[in-house]
Amino acid sequence: MARIGFLGTGAIAEAMVRGLDGAGHDILVSERNAATAQRLAGDFAGVSVATNAEVVAQSDIVILCLMSGIAERVLPDLPFRADHKVISVMADMPRDRLAALIPDVADLSLTIPLPSIATGGCPLPVWPDTGSVRAVFGARNPVIAVESEAALNAHFGACAVSLPVMALLRTGVDWLAAQTGDRTGAEIYVTAMFGAYFAAMRKDGSGGIDTLMADLGTEGGLNDSLRNTMVQAGAPDALLEGLDGLRERLGLPPA
Ligand SMILES: NC(=O)c1ccc[n+]([C@@H]2O[C@H](COP(=O)([O-])OP(=O)(O)OC[C@H]3O[C@@H](n4cnc5c(N)ncnc54)[C@H](OP(=O)(O)O)[C@@H]3O)[C@@H](O)[C@H]2O)c1
């Protein structure tokens, strides 16, 4: 059990607190956003609302869920100690910059949670892996240690694959619905199919995308034919080009 404090009680802090329900921690959330903080304290035993200073002073692990501009303003005045473990989820706050704001803290790691952390199974890339993210969230979420800040930031790019892939899936759903006349049934079919593929990957622990693709890719089969059409149309190349186009924004070197 740990004393865990959240600074900034917004969307991602709420998801993280919900994801820790039942883990036995004492959790302090900062008073802003007031409605979210009160809701969390009302919904979960072990969650209390406090001022920013109290959150820091009374916690062993402090999770920074502020917008970076706010963090620049408030962090230097808070009572951080050398024995604090600090986890930042702030997307646009480099570790060096953050370290300068809270110079007493050595155990300082960055991670990128997604809203799915509320229910578990959320992949958590972490850099550097000081053990804090794993200790707090590792029981319910896969933690992926990476070697550099650039490698961490690359995960934002992979995250951006979500919308284009969803758009492709929706095209498949729309196509199926046009044949069956049942949009709801089509959506359930396609999403449940993909959910089952990935659920099987998790349970198995081995294999992964290459194994799934090999299983699906019987030469001359429907999957193989459609994949070849997409490759000829340049879909994988377009995705790579789009990802490389994000490099500068992500602080990655040119391809
Ligand atoms: N949302 C996501 O899926 C996600 C995922 C990964 C990382 N992040 C990162 O997490 C951080 C927060 O994002 P978010 O989406 O959770 O934003 P958000 O919902 O706007 O949460 C920010 C919170 O900070 C509070 N706040 C403002 N000023 C404050 C102060 N002086 N002291 C304490 N708290 C203060 C805000 O309260 P008021 O509403 O009262 O202003 C709000 O509750 C960002 O840096 C973002 O990059 C977000």
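The model is predicted. The protein has 255 residues and contains 13 helices and eight strands.

**Overall make-up**

- Taken along the principal axes, the C-alpha atoms of the protein fill a box of roughly 65 × 45 × 30 Å.
- Of the residues in the protein, 33% count as buried.
- The accessible surface comes to about 14,400 Å², and carbon and sulfur atoms account for 58% of that surface.
- Among contacts in the protein with a separation of 6 or more, 45% are between residues 24 or more positions apart.

**The second largest pocket**

- The volume of the second largest pocket is about 640 Å³.
- Its lining consists of 27 residues, and those nearest the centre of the pocket are Gly-8, Gly-10, Cys-65, Leu-66 and Met-67.
- Two helices, α1 (11–19) and α4 (68–74), each supply at least two residues of this lining.
- Helix α4 gives the largest share of the lining, with four residues.
- Sorted by class, the lining of the second largest pocket holds 15 nonpolar, eight polar and four charged residues.

**Cis peptide bonds**

- Most peptide bonds are trans.
- The bond from Arg-32 to Asn-33, however, is cis, and its omega is near 0°.
- Asn-33 sits in the loop that runs between strand β2 (26–30) and helix α2 (34–43).
- The bond from Trp-127 to Pro-128 is also cis, with omega near -20°.
- Pro-128 has its place in the loop between strand β7 (124–127) and helix α6 (132–137).

**The setting of Asp-224**

- Asp-224 belongs to helix α11, which spans residues 222–232.
- Is Asp-224 buried or exposed? Its relative accessibility is 10%, and because the cut-off for buried is under 20%, Asp-224 counts as buried.
- Leaving aside residues up to four places away in sequence, Asp-224 touches Gly-217, Thr-218 and Glu-219.
- Ala-214 is ten residues from Asp-224 in sequence, and the C-alpha atoms of Asp-224 and Ala-214 are 9.9 Å apart in space.

Key:
Residues are numbered from 1 along each chain as its sequence is written. This is a predicted model: local features need pLDDT of at least 70, side-chain atom pairs count only at pLDDT 80 or more; totals for chains, interfaces and linings use all residues. Side-chain values use heavy atoms; hydrogens and water are left out. Buried means under 20% relative accessible area, exposed over 50%, partly exposed in between (1.4 Å probe, protein chains only). Contact means heavy atoms within 4.5 Å. On a 1 Å grid over the protein atoms alone, a cavity is a set of points where a 1.4 Å probe fits but cannot get out, and a pocket is an open set with protein on both sides within 12 Å along at least five of seven lines; lining residues have an atom within 4 Å of a point. Grid points are joined across faces, edges and corners, and a volume is the space filled by probe spheres set on the points. Ala, Val, Leu, Ile, Met, Phe, Trp, Tyr, Cys and Pro count as nonpolar, Asp, Glu, Lys and Arg as charged, and the others, Gly among them, as polar. Accessible areas come from the Shrake-Rupley method with a 1.4 Å probe; for residues, only the protein chains shown count as cover.
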